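Here is a short report on a protein and its ligand. Look at the picture first, then read on.

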Amino acid sequence: MAVSVVVGAQWGDEAKGKIVDLFAQHARYVVRYAGGSNAGHTVCVDGTTYKFHLIPSGILHPNTTAVIADGVVLDLRAFEIEMAALQEQGVDLSRLRIGLGVHLTMPYHRLLDELEEAQLEGRIGTTKRGIGPTYADKAWRVGVRVADLLERDRLAARIQRVLKRRNPTIERVYGAKPIDADELIAEFTYRAEQIRPYVCDVPHLLMRAVENGEPILMEGAQGTLLDLDYGTYPYVTSSHPIAAGACLGTGIAPNRLTEIWGVAKAYTTRVGEGPFPTELEDATGERIRNRGREYGTTTGRARRVGWLDLVALRYAARINGFTALAVTLLDVLSGFSPLKVCVAYRYNGTETRDFIADAHALARCEPVYTELPGWNEEISHCRTLDDLPRNALNYLHCIEEYTGVPVKLVSVGPGRDQTIYTNP
Ligand code: IMP
């Protein structure tokens, strides 16, 4: 049975939410493996739009169990708001599971992220959701985990210990008001009861599911180029969105993965700071942004927009071991001709097809483009490859040829039906 991973192939926002929703109907478990409330996944079903930040979008399917695995960081204040919104829309959350090893994003993490981002020097352009400080505390082994939350004394001890370190920083480095430990202990003692019914041992749950041959879908957040180790450091998130991160975040062994899907937009976007070789800061970029409604689900920020970067996509294909690609938002490119795709970087006087992840060096790379003829027809009604204009097919072939990965799915709009399976 399939153990599939859906990974963002670029800098996030590749419309993974829609792809996960499509695949989830065949899955017994849909599992978030990394990141936290920095993610924003939008799913449109029968005219209703659902927004997810922490809860796997697979929860919309009645036969799936949605799992927040141990690699995720969970902000319980954000979680409460998300739960309430989904319940209001009639979504049944009883099939949700949360791992004992999940680290909590606490109010001091969010505060520290906000305070740090308010400094002009060294800004990353984060979502200010406290992601970096949470993973930092995890690595420093002063984090608070779901397992701690469930026992009041253990929770109190963890919070007191970490605030002894974080409050002086909040006060003396940033000049902000320290966090009251007693108030926090009281709030989180109450929040423990909100999530207690969902908590379980996720690695064992999933290992058993793998052994029983139950189909599992692992849902990535963010994208390959935001990976802490393999992205454009320091302009990255603090977790591992790549396929290997799915194993780290869930406890499922690498040799159990059967399918690794990369999801890539037909062009490129990025939010936050950091180098972006194919960025378009002109009217063409503005048109793509408007046609693609490129504004963040989580922060509402306008996304930076650019041509498709095949150098970066080939890197993503290799580092993740993609077995298939889903190309999304192809419909956005109608009416642009010619279309440019980046096939190499010029760096230090030489041309290379190898992505340069070092942010400092990448900022000095010049994109080398190939031009492809575009198409004028709107394609959002297309349902088979035969419906697509010839130049749209050529564009897809160019992606396959350059990356060496078959394009098995094409998305031409947000709806479930606006999907073309290339090998139905
Ligand atoms: P953080 O994850 O909030 O720490 O932000 C670090 C970087 O990752 C920033 O450039 C963010 O804009 C980016 N980022 C985080 N989450 C997402 C996402 O879901 N989509 C796109 N970019 C993201």
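## About the model

This is a predicted model; local features need pLDDT of at least 70, side-chain atom pairs count only at pLDDT 80 or more, and totals for chains, interfaces and linings use all residues. Residues are numbered from 1 along each chain as its sequence is written, and side-chain values use heavy atoms, with hydrogens and water left out.

## Around the ligand

The ligand is surrounded by 16 residues, counted when a heavy atom lies within 4 Å of it. The closest are D13, N38, T127, T237 and R301. By class, this shell holds seven nonpolar, seven polar and two charged residues. Gly counts as polar here.

Some side chains make polar contacts, meaning pairs of N or O atoms within 3.5 Å. T237 has a side-chain N or O atom 2.6 Å from a ligand oxygen. D13 has one 3.0 Å from a ligand nitrogen. In Q222, a polar side-chain atom sits 3.1 Å from a ligand nitrogen. Alone, the ligand exposes 470 Å², and the protein buries 96% of that (Shrake-Rupley method, 1.4 Å probe).

Strand β5 spans residues 65–68; strands are DSSP runs of E, at least two residues long. In a regular strand, side chains alternate between the two faces of the sheet. On one side of β5 are T65 and V67, and on the other A66 and I68. All four are buried, that is, under 20% relative accessible area (1.4 Å probe, protein chains only).

Strands pair if DSSP finds at least two bridges between them. Strand β2 (residues 29–32) runs parallel to β5, joined by four bridges. V30 has A66 as its bridge partner in β5. Strand β7 (residues 96–99) also pairs with β5 in the parallel sense, over three bridges. There, A66 has L96 as its partner.

Technical notes. A polar contact is a pair of N or O atoms within 3.5 Å; within protein, one must be able to donate a hydrogen and the other to accept it, and residues adjacent in sequence count only if both atoms are side-chain atoms. Buried means under 20% relative accessible area, exposed over 50%, partly exposed in between (1.4 Å probe, protein chains only).
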